[in-house]
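Have the structure open as you read.

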Amino acid sequence: MKWSSAYQAYIDKYKDLAIEQMLEHNIPASITLAQGLLESGAGRSTMATEGNNHFGIKCHNDWTGGTMRRDDDAPNECFRVYRHARESYEDHSKFLKKQRYSRLFTYARTDYKSWAYGLKACGYATSPTYAQQLIGIIELYNLSQYDKATKYDRYIASHAGSNGQRGTIGHQIYYFNDNYYVRAKKGDTFKSIGKEVGVGYRKLARYNERDKRDVLSEGDIVYLKKKKSKAPKEFKYKPHTVKAGESMYDIAQMYGIRLAKLYKRNGLSPDFVPQVGDVLRVR
């Protein structure tokens, strides 16, 4: 098994939701994430993209929600359909609380190997290597670190089921670089956006390195958490080539990174003005 940027992106997006479920239901976050990755192909399977089913849970007799048909162990089997990924994660936790899986809760929350083998023994999956696959994912991506977590980002967890974007009263919320952002509309201010998304407008301005009284331009990116110090891993060998009209701030917002870190990463002073064609490292 080789490291995959798609798997890492899935982990970054859903880890807080997995930790939330762990603290509420005592299911290791590493197991939840590994199952989600394996069962949904890192969120790219048809069941995940069309039915928001991240754990391959079939309908069974007690399911009253939406359904979809897929070939699995047998042709045309019935699988659960959810409104969003968060609902799938919550149902996964409830599913494992059934009597059939009760032995799992005798294992320590940090004993992911026993949980992996226990899931297989309890009949969660038919693959003879299911437990080994889960363990391999957990160890490759160091998912066991999340089993020790005592807190999580509540905002990220509550929006983690958005599949990239989430409808709100006036804006869509997008996900990038372990953060969420909206695009400003005409007349927006940090105060108006902050009120809508439930984030203090002073914090919102600070996260975006702007003045709290600023009137935003249409299309401006507004991050809802503090930005990272570098761009995602996929940009390690993909520097940014400056285009006409781009400022250093524009580039920092584009990649979800702090402006001071962008200057520092490229050995530039804060008064540097980029020219068309300049090449900048963003990670």
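A nonpolar core here is a set of buried Ala, Val, Leu, Ile, Met, Phe, Trp, Tyr and Cys residues joined through side-chain atoms within 4.5 Å. Buried means under 20% relative accessible area, exposed means over 50%, and partly exposed is in between (1.4 Å probe, protein chains only). The model is predicted, so local features need pLDDT of at least 70 and side-chain atom pairs count only at pLDDT 80 or more, while totals for chains, interfaces and linings use all residues. Residues are numbered from 1 along each chain as its sequence is written, and side-chain values use heavy atoms, leaving out hydrogens and water.

The largest nonpolar core has 46 residues, and the ones touching the most other members are Leu 33, Leu 37, Tyr 89, Tyr 101, Leu 119, Tyr 124 and Leu 143. Helix 1 gives the largest share, eight residues.

Take Leu 37: leaving aside residues up to four places away in sequence, Leu 37 touches Tyr 7, Tyr 10, Ile 11, Ala 42, Ile 137 and Leu 143. A contact here is heavy atoms within 4.5 Å.

## A separate core

## Aromatic pairs

Rings of Phe, Tyr and Trp (its six-membered ring) pair if their centres lie within 6.5 Å; planes under 30 degrees apart are stacked, over 60 edge-to-face, and the rest tilted. That rule gives 12 aromatic pairs. Phe 105 and Trp 115 are edge-to-face, because their centres are 5.2 Å apart and their planes at 80°. Phe 105 is partly exposed at 26% relative accessibility, whereas Trp 115 is buried at 0%.

Tyr 181 and Tyr 223 make a tilted pair, 5.5 Å centre to centre with 55° between the planes. Tyr 181 lies in strand 5 (residues 179-183) and Tyr 223 in strand 6 (residues 221-223), so the pair ties together parts 42 residues apart in sequence. Ring pairs also link Tyr 10, Tyr 14, Phe 55 and Tyr 89 into a cluster.

Note on methods:
Helices (H or I, at least four residues) and strands (E, at least two) are DSSP runs, numbered from the N terminus.
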